[in-house]
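Hello,

Here is the structure for you to look at. My notes on it follow below.

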Amino acid sequence: MDEKADKKWMKLALEMAVLAEKEGEVPVGAVLVGENDLIAGGCNCPRGSKDPTAHAEIMVLRKGAVIVDNYRLPGTTLYVTLEPCIMCMGALVHARVDRLVFGATDPKTGAAVSRYAIGTDGLLNHTLSITGGVLESECGALLKKFFAARRKNSRLQTLQGRG
């Protein structure tokens, strides 16, 4: 893929992230692409679905597997606005996704490059190509805005409880 295509698909993942935010979820969005065609899109929904595994990546892999009628997804690229966690990187490996493209790094729980190198460390039976930092500023800004608002609301609730 080229840089222009990566930005195009990441913009769509950002749109998915905005949908998550509107539902009160952490704004992370993802899209699965095969041969430059959209297969599936989705966003974080663990709170609303009461499912701790309902991360954007997992939701997209589930939809994509149904659409292509196979639990293996070779020849695909997953675009996600935030560096995946350990669970999601494991799912990408098991699904045999060829390439991961992410926006913002996650210094606390990122499992692609920040904390771990799952999928590229040679320890598993599948490796994938990883490109990070695509539309990083936009992806990071959405998350920062969301958590700043959450902290502000939490402080207001605390202050109101003291009144």
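**What was found**

Among contacts between residues at least 6 apart in sequence, 57% join residues at least 24 apart. Please keep in mind that this is a predicted model.

Overall layout. The protein has 5 helices and 5 strands, and from the N terminus on they run α-β-β-α-α-β-α-β-β-α. The radius of gyration is 16 Å, close to the 15 Å that the globule rule gives for 163 residues, so the protein is as compact as a globular protein of that length. Taken along the principal axes, its C-alpha atoms fill a box of roughly 60 × 30 × 30 Å.

Of the 163 residues, 44% are buried.

In soluble globular proteins, nonpolar side chains tend to be buried together. Here the largest nonpolar core has 42 residues, and Met-10, Leu-78 and Leu-100 are those with the most contacts inside it. At least two residues of this core come from each of α1 (3-22), β1 (29-34), β2 (37-43), α3 (56-68), β3 (76-82), α4 (86-95), β4 (99-104) and α5 (136-162). The largest share, 8 residues, is supplied by α1. As for Leu-100, its contacts beyond four places in sequence include Leu-78, Val-80, Met-89, Leu-92 and Ile-130.

A glycine in a strand. Gly-41 lies in strand β2. Leaving out residues up to four places away in sequence, Gly-41 touches Met-16, Ala-30, Val-31, Val-60 and Lys-63. One of these, Ala-30, is 11 residues from Gly-41 in sequence, with 5.8 Å between their C-alpha atoms.

Two positive phi values. Most residues other than glycine have a negative phi. Glu-35, however, has a phi near 50°, and Leu-135 has one near 55°. Both sit in loops: Glu-35 between β1 and β2, Leu-135 between β5 (129-131) and α5. Are they buried or exposed? Glu-35 has 77% relative accessibility, over the 50% cut-off, so it counts as exposed. Leu-135, with a relative accessible area of 12%, is under the 20% cut-off and therefore buried.

Regards

Note on methods: Residues are numbered from 1 along each chain as its sequence is written. This is a predicted model: local features need pLDDT of at least 70, side-chain atom pairs count only at pLDDT 80 or more; totals for chains, interfaces and linings use all residues. Side-chain values use heavy atoms; hydrogens and water are left out. A nonpolar core is a set of buried Ala, Val, Leu, Ile, Met, Phe, Trp, Tyr and Cys residues joined through side-chain atoms within 4.5 Å. Buried means under 20% relative accessible area, exposed over 50%, partly exposed in between (1.4 Å probe, protein chains only). Helices (H or I, at least four residues) and strands (E, at least two) are DSSP runs, numbered from the N terminus. Contact means heavy atoms within 4.5 Å. The radius of gyration is taken over C-alpha atoms; the globule rule is 2.2 Å times the number of residues to the power 0.38.
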